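Here are my notes on this one, as promised. Have the coordinates open while you read.

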Amino acid sequence: MNTVIEGKDINVKSRERVLLDVKRIGLNKGEIFAVIGPNGAGKSTLLRVMALLQVPQRGEIYFKGEKVARKDRVRIRRKMAVVFQEPLFLNATVLENITLGLKIRGVNQRVAMEKAEYWLERFKAEKLSNRWARSLSGGEAQRVSLARAFALEPEVLFLDEPFSNLDVFIRESLIADFFEALKTTGITTLFITHDLEEVLLFANRVMVLMGGKVVQEGTPLELVENPLTDELKRFIQAWERSKAKMLHLL
Amino acid sequence: MDTIVEGVKKAVLMLVTLDADIYRITLFTLKVSGIATLISLAISLPVAFFIALKDFPGKKILISLANLGMGLPPTVVGLWVCLLLWRSGPLGRLRLIYTPTAIVIAQTVIATPVIMALVTAALQQVDKKLRWHIMALGATPLQMLFLMVREARYSILAAVIAGFGAVISEVGASMMVGGNIAGYTRVLTTAIVLETSKGNFEDALALSFILLLMAYLGTLALTYLQQRRHKDEYGN
Ligand SMILES: Nc1ncnc2c1ncn2[C@@H]1O[C@H](COP(=O)(O)OP(=O)(O)OP(=O)(O)O)[C@@H](O)[C@H]1O
Ligand SMILES: [Mg+2]
């Protein structure tokens, strides 16, 4: 089996309504799997369920074909890394924040420091290592978050809009650094985004989520060439319009 | 007026010459209240961690009980612990009444609700998203507790100082369960009561200065911690 992580029959409810209802989501080894959808579609909820951070009301997660039992959750989490929608730091320095996860996973201090420094450098953030993590700017924080995730050398990487709220200059170079890192490591990745361009450029497969339900799944090209619902068509048209506008302005 | 001036003079003299009795009572008080505070913290941490992280029926009631317990009158606690430890009471066989242990027990009962309520609030203030992050790093429940305590360290220290402040200044319970026995169960507050009733104002004043000094040191520590926290969170 080539599937690294798989969710089956996942259902998340709040008191009043269904937030997520996904029959199946599976990530194959080494692929970049994108999830797109409008605000409130349930993307972050899906990510938390898949990353074993939130227990769904119904459904199971399978890691390499094995059902993840409650007692296995911590062990399997240690094979994964998550970059959240907003960068989250403990009240400590950048370096401490990066090495913390490694130390939790039993890596010794010296090796943890080496890995932290290596990945900070790859994300051009080595100058930040002694800064207080919570004092970083948005762009700096995103770089550090990415370095922290890669330093864990995970088998599966979860990313929740890691490039939102970045200015264009930083965005371009950070995205380049990021996909370069993904390519060289071959980490299986679940990647949430609003940006169809990122999907077209980097994803192997894409899933569209709307109102908690899967609207379409396939290759990025299939998606833009043959959107299955009117809503999706409008979503793509809106994106094309903004893209055209941007090109026009340039 | 003369009494006060004379009293202050003598009190200061006793303090600077380290009067043996006063010295001993002070150390004993610090020890008893310190141990009671530490036991309360040890009880409070796991309970507060559980309350802060889990949803269970009766959670709100438990929190409100701890909040109510913050205002528990020490005399009432003294009475209950007395009844428990009394020679013919349920725990009478342990022969604990009028011992330092009895004071530690009573003070633990007084400090625990204070520390538990404040530590719960401190842990609840740790961002839920940060908890997801710690979980995602692969933390075990124990590592999670440790990291959350570290995250809320200043608020938790404030809780400890508040609990310690409550028991060191308490008189009713210590008097009732300890019996104010000289050289054995006498603490600062019960000593002040006794010296005042005997008319030894200078002794009472000297003791009161020490108590005030401790209260001031507690406040000073709190202020310092608040400043530290502010500095930590908004740059270095
Ligand atoms: N604990 C909760 N209780 C009730 N509703 C919730 C809870 N958590 C999330 N929701 C709701 O679930 C829906 C999906 O939220 P989610 O954060 O997964 O959306 P999203 O697709 O990530 O959106 P965005 O693009 O804005 O990040 C939203 O409508 C949100 O309000
Ligand atoms: Mg989201």
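1. To start at the ligand: which side chain has an N or O atom 2.8 Å from an oxygen atom of ligand 1? That side chain belongs to A:Q85. I'm calling this a polar contact, meaning a pair of N or O atoms within 3.5 Å; within protein, one must be able to donate a hydrogen and the other to accept it, and residues adjacent in sequence count only if both atoms are side-chain atoms. Taken alone, ligand 1 exposes 640 Å², and the protein buries 62% of that. Areas are Shrake-Rupley values with a 1.4 Å probe, and for residues only the protein chains shown count as cover.

2. Ground rules before going further. This is a predicted model, so local features are held to pLDDT of at least 70 and side-chain atom pairs to pLDDT 80 or more, while totals for chains, interfaces and linings use all residues. Residues are numbered from 1 along each chain as its sequence is written, chains are lettered from A and ligands numbered from 1 in the order in which they are written, and side-chain values use heavy atoms, with hydrogens and water left out.

3. A:G40 places a backbone N or O atom 2.8 Å from a ligand 1 oxygen, and for A:A41 the corresponding backbone distance is 3.1 Å. The shell has 14 residues, of which A:R17, A:G40, A:K43, A:S44 and A:T45 come nearest; a residue is near if one of its heavy atoms lies within 4 Å. By type, the shell splits into 3 nonpolar, 8 polar and 3 charged. Here Ala, Val, Leu, Ile, Met, Phe, Trp, Tyr, Cys and Pro count as nonpolar, Asp, Glu, Lys and Arg as charged, and the others, Gly among them, as polar. Helix 1 (residues 43-50) of chain A supplies the largest share, 3 residues. Helices (H or I, at least four residues) and strands (E, at least two) are DSSP runs, numbered from the N terminus.

4. Now the magnesium ion, ligand 2. Its protein donors are A:S44 (OG) and A:Q85 (OE1), 2.0 to 2.5 Å away. A:S44 is in helix 1 and A:Q85 in the loop between strand 6 (80-83) and helix 3 (94-104) of chain A, so the pair ties together parts that are 41 residues apart in sequence. Donors are N, O and S atoms within 2.8 Å of the metal (3.2 Å for Na, K and Ca), and water is not among the atoms, so the site may look incomplete. A:S44 is buried at 19% relative accessibility, whereas A:Q85 is partly exposed at 32%. The cut-offs are under 20% for buried, over 50% for exposed, and partly exposed in between (1.4 Å probe, protein chains only).

5. Two backbone angles in chain A are worth a look. A:K64 is not a glycine, yet has a positive phi of about 50 degrees. You'll find A:K64 in the loop between strand 4 (58-63) and strand 5 (66-67), partly exposed at 48%. A:E153 also has a positive phi, near 45 degrees; this residue is in the loop between helix 5 (138-151) and strand 7 (156-160) and is partly exposed at 49%. As background, most residues other than glycine have a negative phi.

6. Chain B is built from 11 helices and 0 strands. Its C-alpha atoms fill a box of roughly 65 × 50 × 25 Å along the principal axes, and 44% of its 236 residues are buried. In helix 10 (residues 188-198), the buried residues are B:L188, B:T189, B:T190, B:A191, B:I192 and B:E195. After helix 10 comes B:G199, with a positive phi near 85 degrees.

7. On the annotation for chain B: the unreviewed UniProt entry gives "domain: ABC transmembrane type-1" for residues 26-222. That stretch is 77% helix and 0% strand in the model, with its end C-alpha atoms 22 Å apart. The same record's "transmembrane region" label covers 32-53, 65-86, 98-124, 130-149, 156-184 and 204-225. UniProt positions follow the numbering used here, feature names are shortened, and annotations may be inferred rather than shown by experiment. Residues 65-86 are 77% helix, with end C-alpha atoms 26 Å apart; residues 130-149 are 80% helix, with ends 13 Å apart.
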